[in-house]
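Colleague: I am new to this structure. Please take a close look at one part of the surface, then work from there to the rest.

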Amino acid sequence: GNINIANTTYNSLLFSYLETYVLTGNLTDANALTGNLIIEDDATLDVTTNNYNITLAGNWSNSGIGYFTARNGTVTFSKSSGTQTLTSGGTGSSYAFYNLVHSGAGTLQLVTNNLDVNGDFSQTAGTFNANGKNQNFAGNFSLSSGTVYTKGGTFTFDGTGTSTWTDSTTGQQDIGAVSINGTTKTINLASSVKATSVNVAV
């Protein structure tokens with residue numbers, strides 16, 4: 001059966017050994033993780049249909065044989081200084097995030113895997129370092145004033161419907177080589193934006 005994760009205060013959490021772990025509340029605010037979140041050994045972490053949210057100041061590490069059921073939840077990376085790393089384990093439904101927020105004044109850096117976000121991406125502080133990895137975003141993409149976005153591989157607006165691209169930084173951040181499927185996706189610009197190149201496939 002499933003293993004319930006009590007809604008209380010943790011430093012770090014490790015999920016392992018073929019089990020499915022389900023959240024019973026938000027791991028945010030007073031219950032936010034001050035350390036790392038690790039998924040390995042065919043374990044599954046499920047935010048449940050309640051779409052519970054997770055905030056962590058440490059590293060997110062998925063071995064690639066662990067699974068994250070994001071549903072419509074939000075994961076917030078909040079490290080206030082230094083670098084926290086994000087190893088997603090891969091792309092696709094077992095590794096993707098829904099909403100992803102980088103709120104920490106430090107650096108959030110991708111490691112090993114590309115990033116797949118099926119909802120909104122919002123950077124409200126600090127630096128995001130794509131570290132040469134591809135990034136896929138299906139929802140809105142927003143950079144707040146004072147933030148830095150260090151481009152990586154291909155930046156793809158995927159999925160269907162309409163999304164908004166907002167860059168409130170001074171001079172705007174070059175997010176790299178942007179790819180858009182123009183037959184299924186519409187991108188509305190809410191500000192000036194910058195990219196190395198934009199390819200719209202129709």
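Modeller: Val200 counts as partly exposed because its relative accessibility is 44%; on this scale buried means under 20% relative accessible area, exposed means over 50%, and partly exposed is in between (1.4 Å probe, protein chains only). This is a predicted model, in which local features need pLDDT of at least 70 and side-chain atom pairs count only at pLDDT 80 or more, while totals for chains, interfaces and linings use all residues. Residues are numbered from 1 along each chain as its sequence is written, and side-chain values use heavy atoms, with hydrogens and water left out.

Val200 sits in strand E23, residues 197-201. Strands here are DSSP runs of E with at least two residues, and helices are runs of H or I with at least four, numbered from the N terminus. Together with Val198 and Val202, Val200 makes a nonpolar surface patch of about 310 Å². A patch is made of residues with over 30% relative accessible area and no salt bridge; nonpolar side chains (Val, Leu, Ile, Met, Phe, Trp, Tyr) are joined within 5 Å and like charges within 9 Å. The areas come from the Shrake-Rupley method with a 1.4 Å probe, and for residues only the protein chains shown count as cover.

Val101 belongs to strand E11, residues 99-102. Neighbours within four places in sequence aside, Val101 is in contact (heavy atoms within 4.5 Å) with Thr74, Val75, Thr76, Phe77 and Ser122.

Val75 is also one of the residues touched by Phe68, among others including Ile54, Trp60 and Phe97. The largest nonpolar core has 42 residues, of which Ile54, Trp60, Phe68 and Phe141 touch the most other members. Such a core is a set of buried Ala, Val, Leu, Ile, Met, Phe, Trp, Tyr and Cys residues joined through side-chain atoms within 4.5 Å.

Phe141 has Trp165 in strand E20 as its bridge partner. Strand E17 (residues 141-143) and E20 (residues 161-167) run parallel and are joined by three bridges; two strands pair if DSSP finds at least two bridges between them. E20 is also joined to strand E22 (residues 185-189) by five bridges, again in parallel, and Thr164 has Asn188 in E22 as its partner.

Next come the charged pairs. The whole structure holds two salt bridges, a term for a side-chain nitrogen of Lys or Arg within 4 Å of a carboxyl oxygen of Asp or Glu. One is between Asp46 and Arg71, at 2.7 Å from N to O. Asp46 is in strand E5 (residues 44-46) and Arg71 in the loop between strand E8 (67-69) and strand E9 (74-77), so this pair ties together parts that are 25 residues apart in sequence. Asp46 counts as buried because its relative accessibility is 10%, whereas Arg71, at 37%, counts as partly exposed.

Asp174 and Lys151 also form a salt bridge, with the closest N and O atoms 3.4 Å apart. Asp174 is in the loop between E20 and strand E21 (177-181) and Lys151 in the loop between strand E18 (148-150) and strand E19 (154-157), so parts 23 residues apart in sequence are tied together. Asp174 is partly exposed at 24% relative accessibility, and Lys151 is partly exposed at 38%.
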